[in-house]
Amino acid sequence: MTLYDLPVGWVWMTLGELADVRGGVTKGRDLSRHKTVEVPYLRVANVQSGYLDLSVVKTIRVKADEVQRYALQPGDVLFTEGGDRDKLGRGAVWNGEIEGCTHQNHIFRARLRTRDVKPQWVSFAGRLPYARAYFDSVARQTVNLASINATNLRAFPIPVPPIREQRRILARVEGLYKQSQTARDALE
């Protein structure tokens, strides 16, 4: 994949350079010999493109000593592993909406290591056309399902502008989103 030239002050960085990327809890494990706790968890259906659908959140039993390892923190960026091709790398920012929540292994969480990149910027970058092309190019296809792995996600290139530019662009995008939502509501 060829990356395009960026404006002065912007740089290309991979998600792996910016964040710790990890998978989540695997469903169906035999936990009969372990002390477990039940926690809420996010499924692929909960992670949409740019937002979380928390209308149905299920629970899962996990080893008590793994709760902290899988617990989501505000600012984590969540990416889906796959499904239909349009769902590859679909992502949103976790803002701590449900205390003690975790995520299943078909969702990756990226926890940023720097304050110079906003989680919302990373999520936004994942929705851009070049990102969709990237995820499509690295996906594994089996029958009707496509998937990406943690290595692919860590290699995902992100154009990173200075933090002030990130804030300005994100504010503009949010304003446009609100306008389009208002227009859709008026048509209903």
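**Pockets and helices of the predicted model**

The lining of the second largest pocket comprises five nonpolar, three polar and four charged residues. Here Asp, Glu, Lys and Arg count as charged, Ala, Val, Leu, Ile, Met, Phe, Trp, Tyr, Cys and Pro as nonpolar, and the others, Gly among them, as polar. The model is predicted: local features need pLDDT of at least 70, side-chain atom pairs count only at pLDDT 80 or more, and totals for chains, interfaces and linings use all residues. Residues are numbered from 1 along each chain as its sequence is written, and side-chain values use heavy atoms, without hydrogens and water.

A pocket is an open set of points on a 1 Å grid over the protein atoms alone, where a 1.4 Å probe fits, with protein on both sides within 12 Å along at least five of seven lines; lining residues have an atom within 4 Å of a point. The second largest pocket holds about 210 Å³. Its lining includes Asp76, Arg111, Arg115 and Lys118.

The largest pocket has a volume of about 450 Å³. Of its 15 lining residues, Gly50, Tyr51, Ser123, Arg127 and Glu174 lie nearest the centre. Strand E7 (91-93), H3 and H6 each give two or more residues to this lining. H6 gives the most, with four residues.

Helices are DSSP runs (H or I) of at least four residues, and strands (E) of at least two. In helix H4 (residues 129-138), Tyr130, Ala131, Tyr134 and Phe135 are buried (under 20% relative accessible area, 1.4 Å probe, protein chains only). Down the axis of H4, these residues fall within an arc of 135 degrees, so they line one face. The arc is that of the directions from the helix axis to the C-beta atoms.

Notes: Buried means under 20% relative accessible area, exposed over 50%, partly exposed in between (1.4 Å probe, protein chains only). Grid points are joined across faces, edges and corners, and a volume is the space filled by probe spheres set on the points.
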